Amino acid sequence: SISTEAVAAVMVLWFKLSCWCFGPKKKTWKEMKALYTPPEFELALRQASQLSAVCAALLYSSCLPILNLILAVRLLAMYWTSKFELLRGSSVPKRFSHVLALSATRWVQVAVFFHSALAVWVFGDAQITGTRNIFFDTSEASSYVAEASKILGNQLALVVKIVVEKALTPAAMPNAFVLALVVTKWSLGLFSFLLGEAEWQQLIAACQ
């Protein structure tokens, strides 16, 4: 909640006030150092807090769009509070490599996947949105599913049919497109991992 950012700002002010009030009363160098040394800035914990807020909002914002506005306000408050705490009341933070930011982007992709999947499932239901598929004819897709049932089995083919019909609903198509992009990226990453870096680069060069 935003109260966490408020507490962090108050702690910075308390550190400044303590230095101003108790500084002249310190007699030894160790006491002065302990008083005037600001607390550490936990960058990893701050990024974890931001990431949890983003993932939680993305997971449910397809059904509750107001969460996007709440997330924007929360991130803005976290940005200014962290900036104030880092520059005014914290020690020099430890150095982190790009792995921390890279792992955060991967978790955001997972959150986008579940956001899009939930949105397709909700907005693909005609009883909820009150709309039907008016742009695409799913009969052809159903015929492909019928052929796939001979290979995959009736239960799995039924699941595929339901997913296809929901994804082709006009209200669910934008999220279905985003879901397809995420799945495609993951598939290419898995294929690159299995093929190897050198062979993958050669394949890209051959396609170009």
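Setting aside its neighbours within four places in sequence, Ala53 is in contact (heavy atoms within 4.5 Å) with Leu71 and Arg74. The model is predicted, with local features needing pLDDT of at least 70 and side-chain atom pairs counting only at pLDDT 80 or more, while totals for chains, interfaces and linings use all residues. Residues are numbered from 1 along each chain as its sequence is written, and side-chain values use heavy atoms, with hydrogens and water left out.

Helices here are DSSP runs of H or I, at least four residues, numbered from the N terminus.

So what does helix 3 itself look like? Its 18 residues reach 26 Å from first C-alpha to last, close to the 26 Å expected at 1.5 Å a residue (the expected span is 1.5 Å times one less than the number of residues). Buried in helix 3 are Leu51, Ala53, Val54, Ala57 and Leu58. Seen down the axis, these buried residues fall within an arc of 160° (taken from the directions from the helix axis to the C-beta atoms), so they line one face of the helix. They pack against helix 4 (66-88) and helix 5.

In helix 5, the buried residues include Ala104, Ala111 and His115.

Key. Buried < 20%, exposed > 50% of the residue type's maximum accessible area, 1.4 Å probe, protein only. Helix = DSSP H or I, 4+ residues; strand = E, 2+ residues; numbered from the N terminus.
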